[in-house]
Amino acid sequence: MRLFSRDAQRSAPRLTVPLLIVGVVGLFVGLVIDRAIRRLPLEKSMLFPWGEYCERCLQRKPIIASIPIIGLLFVGGRCPSCGISLSKRGILIQLLTAAGFMGIYYLHIGLGGRELPAINRTYWNYGSSRLVALFVYHCILYAFLLTATFTDLDYTLIPESITNWGLGVGLLLGTFWYVELRPVPIALVGGSPEFNYLAVHPGQWFDEDRWQVWFGGKAKDIPPLLEWIRTNFYFHWALNWTKYLGLLTGVVGALVGYCITRIVRDVCSLALDKEAMGLGDLWLMAMIGAFLGWQTAVIAFVLSWVSGAAIGLPVAILNRGQMIPFGPHIVLGSIAAVVWWRPLWKYFEPALIDARLFLILTAVLSVLLFITSLVVSQIKKMGNRLLNASQKPRS
Ligand SMILES: [Zn+2]
């Protein structure tokens with residue numbers, strides 16, 4: 001039996017050298033991520049002080065100790081000044097970054113983007129430069145996600161500095177790079193499998209015919225000032241439409257990511273009588289939506305609940321009710337949504353291909369969730385009252 005296909009075997013030697021280079025770059029990016037995990041939750045600057053200091057004796061660590069993976073060996077794993085053993089967690093972060101970058105490289109360039117999120121293969125014509133752009137784009141998202149995962153595990157906190165920067169970078173790259181960076185470029189207003197853009201192309205809003213109808217029919221002229229604005233915008237749009245669509249896709253993605261998380265969080269908080277998810281989780285989902293578009297964000301969110309049930313619950317039981325934060329589940333969900341896009345999309349397509357249907361489904365489901373939560377909280381209250389009533393006579 002062959003482990004890989006003939007194609008994969010043939011392309012293996014071509015991939016080895018670039019994969020190694022990507023891995024080494026990942027190790028160095030891992031240094032930055034490790035620094036961010038240690039500094040940002042404490043609201044410390046990433047730049048000042050530039051050097052790293054021992055947590056116990058506050059002496060500056062030698063620069064040689066910061067070399068990825070093997071750096072600690074040079075100082076024997078201990079602080080040269082006070083002898084306290086230094087944390088090896090940074091090595092794990094560096095390895096995770098390198099492995100992630102290599103995985104993303106394989107998914108994008110190794111597999112030629114065949115498995116990447118897209119609805120319409122004929123439109124989605126991956127050029128090699130676009131694949132490299134996508135690879136870098138997804139590496140940047142992965143770096144933000146990895147940082148958020150570990151700050152959430154360490155401090156049950158996802159600093160705003162991470163999600164705000166991530167949101168900004170996602171929107172900016174999506175606007176000025178390629179509109180096609182988003183896995184599924186259907187905007188919220190609608191769209192069809194044949195044409196993956198807005199049902200009403202924003203350029204159409206500035207059509208001469210449309211405006212003439214608004215201003216009283218074909219015979220009447222549009223007022224000169226408005227006509228000047230209309231024609232200018234029309235040309236501006238024709239030259240810049242990819243930027244506007246890119247920005248719009250990102251903004252819609254961020255809104256949907258934020259709103260679905262907000263709905264579920266509020267409803268669950270109501271049912272459980274305590275905060276179900278942190279505010280950081282909302283902005284994390286907004287960031288993911290800005291990077292990946294709204295459909296992938298929805299799939300990522302659903303998968304995060306699967307991960308929460310499959311990993312979070314057993315861990316909570318083993319830790320005697322100590323819940324682990326929800327952020328890492330969101331991160332796992334969004335990674336799975338991109339990696340297993342092809343099989344997943346088969347199941348999600350009916351609900352997500354049409355934005356209007358999705359909105360209706362969300363409304364119906366949130367009403368159902370709300371009713372369920374009310375019923376659950378009422379049953380809980382009744383149960384408590386019965387317990388109190390049965391305990392009173394005894395005391
Ligand atoms: Zn020390």
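The chain is built from twelve helices and zero strands, and, read from the N terminus on, its elements run α-α-α-α-α-α-α-α-α-α-α-α. The model is predicted. Of the 395 residues in the chain, 32% are buried, and among contacts between residues at least 6 apart in sequence, 72% join residues at least 24 apart.

The largest nonpolar core holds 66 residues, and those with the most contacts inside it are Met287 and Ala297. Helix H4 is the element that gives the most to this core, contributing eleven residues. Once its neighbours within four places in sequence are left aside, Ala297 is in contact with Gly253, Val256, Gly257, Met285, Ile288, Gly289 and Leu292.

The packing of H7 with H8 can be described in more detail. The axes of these two helices lie 6 Å apart and meet at an angle of about 150°; because angles over 145 degrees count as roughly antiparallel, H7 is roughly antiparallel to H8. H7 passes H8 in a right-handed crossing, and the residues that make the contact are listed below.

| Helix | Residues in the contact |
|---|---|
| H7 | Gly250, Gly253, Ala254, Val256, Gly257, Tyr258, Thr261, Arg262 and Arg265 |
| H8 | Asp281, Leu282, Met285, Ala286, Ile288, Gly289, Ala290 and Leu292 |

By class, this contact of H7 with H8 comprises nine nonpolar, five polar and three charged residues. Among the H7 residues in the contact are Gly253, Val256 and Gly257, and Ala297 is in contact with these residues as well. On the H8 side, the contact includes Met285, Ile288, Gly289 and Leu292, which are likewise in contact with Ala297.

Key:
Residues are numbered from 1 along each chain as its sequence is written. This is a predicted model: local features need pLDDT of at least 70, side-chain atom pairs count only at pLDDT 80 or more; totals for chains, interfaces and linings use all residues. A nonpolar core is a set of buried Ala, Val, Leu, Ile, Met, Phe, Trp, Tyr and Cys residues joined through C-beta atoms within 7 Å. A residue is buried if 20 or more other C-beta atoms lie within 10 Å of its own, exposed if 12 or fewer, and partly exposed in between; C-beta atoms are placed from the backbone. Helices (H or I, at least four residues) and strands (E, at least two) are DSSP runs, numbered from the N terminus. Two residues are in contact if their C-beta atoms, placed from the backbone, lie within 7 Å. Axes are lines fitted to C-alpha atoms, for helices over the stretch in contact, and angles run from 0 to 180 degrees between N-to-C directions. Angles under 35 degrees count as roughly parallel, over 145 as roughly antiparallel, 65 to 115 as roughly perpendicular and the rest as oblique. A crossing is left-handed if the near helix is turned anticlockwise from the far one by less than a right angle, and right-handed if clockwise. Ala, Val, Leu, Ile, Met, Phe, Trp, Tyr, Cys and Pro count as nonpolar, Asp, Glu, Lys and Arg as charged, and the others, Gly among them, as polar.
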